[in-house]
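Subject: Structure for you to look at

Hello,

Here is the structure I said I would pass on. Please open it first, then read the notes below it.

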Amino acid sequence: MPESARVSNEDWLVRADRFDDETIDLLYADPPFNTGKSQVAASGSYQDAWPSTDAWVDWLRERLEVTIPKLKPTGSMLIHVDWRTSHRVRVLLDELLGEDRFVNHLIWRYGLGGSSPRRFARKHDDILFYSIDPDRYYFEPPMVPATSNRMKGQMKKATDVLDVPTLNNMADERVGYPTQKPLALLELLVGACCPAGGVVFDPCCGSGTTLVAAQRLNRTPIGCDLNPEAVAIARARLQG
Ligand SMILES: C[S@@+](CC[C@H](N)C(=O)[O-])C[C@H]1O[C@@H](n2cnc3c(N)ncnc32)[C@H](O)[C@@H]1O
């Protein structure tokens with residue numbers, strides 16, 4: 001692991017407080033979604049239940065209030081949530097940063113999972129992208145394969161709907177941590193939203209997917225997680 005890459009067993013609040021002001025280029029947070037149950041997989045588990053949505057929003061607010069001053073004026077944040085809270089997080093970020101700092105409501109569209117006879121199948125997560133300064137934030141549009149017949153075989157700039165397959169049970173990169181995100185998604189986001197050499201902070205790093213993506217793209221990964229199982233996995237992935 002390079003000297004600068006760090007992953008620790010700390011609460012987001014405690015870890016964020018230890019940064020100097022204006023030192024983070026990109027905050028990517030994939031917090032528990034408040035599903036109301038424990039998330040369990042072969043190599044780890046974590047609690048994902050708050051007494052109410054309001055309590056979850058208060059938890060997030062407290063952590064964002066400490067983290068926002070640590071972002072550089074050219075920095076930005078990506079908050080990865082789903083249908084349960086995306087509407088509340090949008091309002092919270094409008095309040096904490098200002099509506100004019102909103103950049104994108106990204107949809108991560110995936111295929112796997114069940115369906116319901118009572119509603120349209122829920123097949124996407126929401127990633128809210130906000131900047132600190134709308135005139136100065138870093139962005140390098142990611143290129144993805146074009147799908148139209150006219151542009152067949154060419155690349156085009158990604159839209160706000162990101163088609164990245166979720167990890168299936170046989171995927172080589174699967175490490176057995178619950179709700180592990182695909183490296184391809186994090187490489188796309190980190191490459192687009194953090195300049196080369198910049199600092200990426202993931203305060204709920206889980207298995208360390210963001211940290212691995214940052215390391216592979218020559219950004220400096222800093223992460224923490226309350227769960228020692230997560231930290232051990234993330235550390236091993238960074239060293240590997
Ligand atoms: C959705 S998972 C992250 C998954 C990760 N993106 C990955 O690809 O493996 C959320 C993580 O937040 C952690 N967590 C929950 N509360 C936390 C807190 N207060 N501070 C830091 N981490 C926390 C959980 O232990 C869990 O690992």
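Helix 4 and helix 5 are oblique to each other, a word used for angles that are not under 35 degrees (roughly parallel), over 145 (roughly antiparallel) or 65 to 115 (roughly perpendicular). Their axes come within 9 Å and cross at roughly 55°; axes are lines fitted to C-alpha atoms, for helices over the stretch in contact, and angles run from 0 to 180 degrees between N-to-C directions. The crossing is right-handed, meaning that the near helix is turned clockwise from the far one by less than a right angle. On helix 4 the contact is made by L183, L186, E187 and V190, and on helix 5 by T209, T210, V212, A213, A214 and R216. Two residues are in contact if their C-beta atoms, placed from the backbone, lie within 7 Å.

Two points on the source. This is a predicted model, in which local features need pLDDT of at least 70 and side-chain atom pairs count only at pLDDT 80 or more, while totals for chains, interfaces and linings use all residues. Residues are numbered from 1 along each chain as its sequence is written.

Helices (H or I, at least four residues) and strands (E, at least two) are DSSP runs, numbered from the N terminus. Helix 4 covers residues 183-193, and its buried residues are L185, L186, L188, L189, V190, A192 and C193. Buried means that 20 or more other C-beta atoms lie within 10 Å of a residue's own; exposed means 12 or fewer, and partly exposed is in between. The cover over these residues includes strand 5 (71-81), strand 6 (102-109) and helix 5 (209-216).

Helix 5 also meets helix 6 (residues 228-239), with axes that come within 9 Å and cross at roughly 20°. These two helices are therefore roughly parallel to each other. Here L211, V212 and Q215 of helix 5 touch A234, R237 and L238 of helix 6.

Most residues other than glycine have a negative phi. E22 lies between helix 1 (12-17) and strand 2, and N34 between strand 2 and strand 3 (37-41). Are they buried or exposed? E22 is partly exposed, with 13 other C-beta atoms within 10 Å, whereas N34 has 22 such neighbours and counts as buried.

Last, the ligand: there are 20 residues around it, and Y46, C204, G206, S207 and T209 come nearest.

Regards

Definitions and conventions: Near = placed C-beta within 6 Å.
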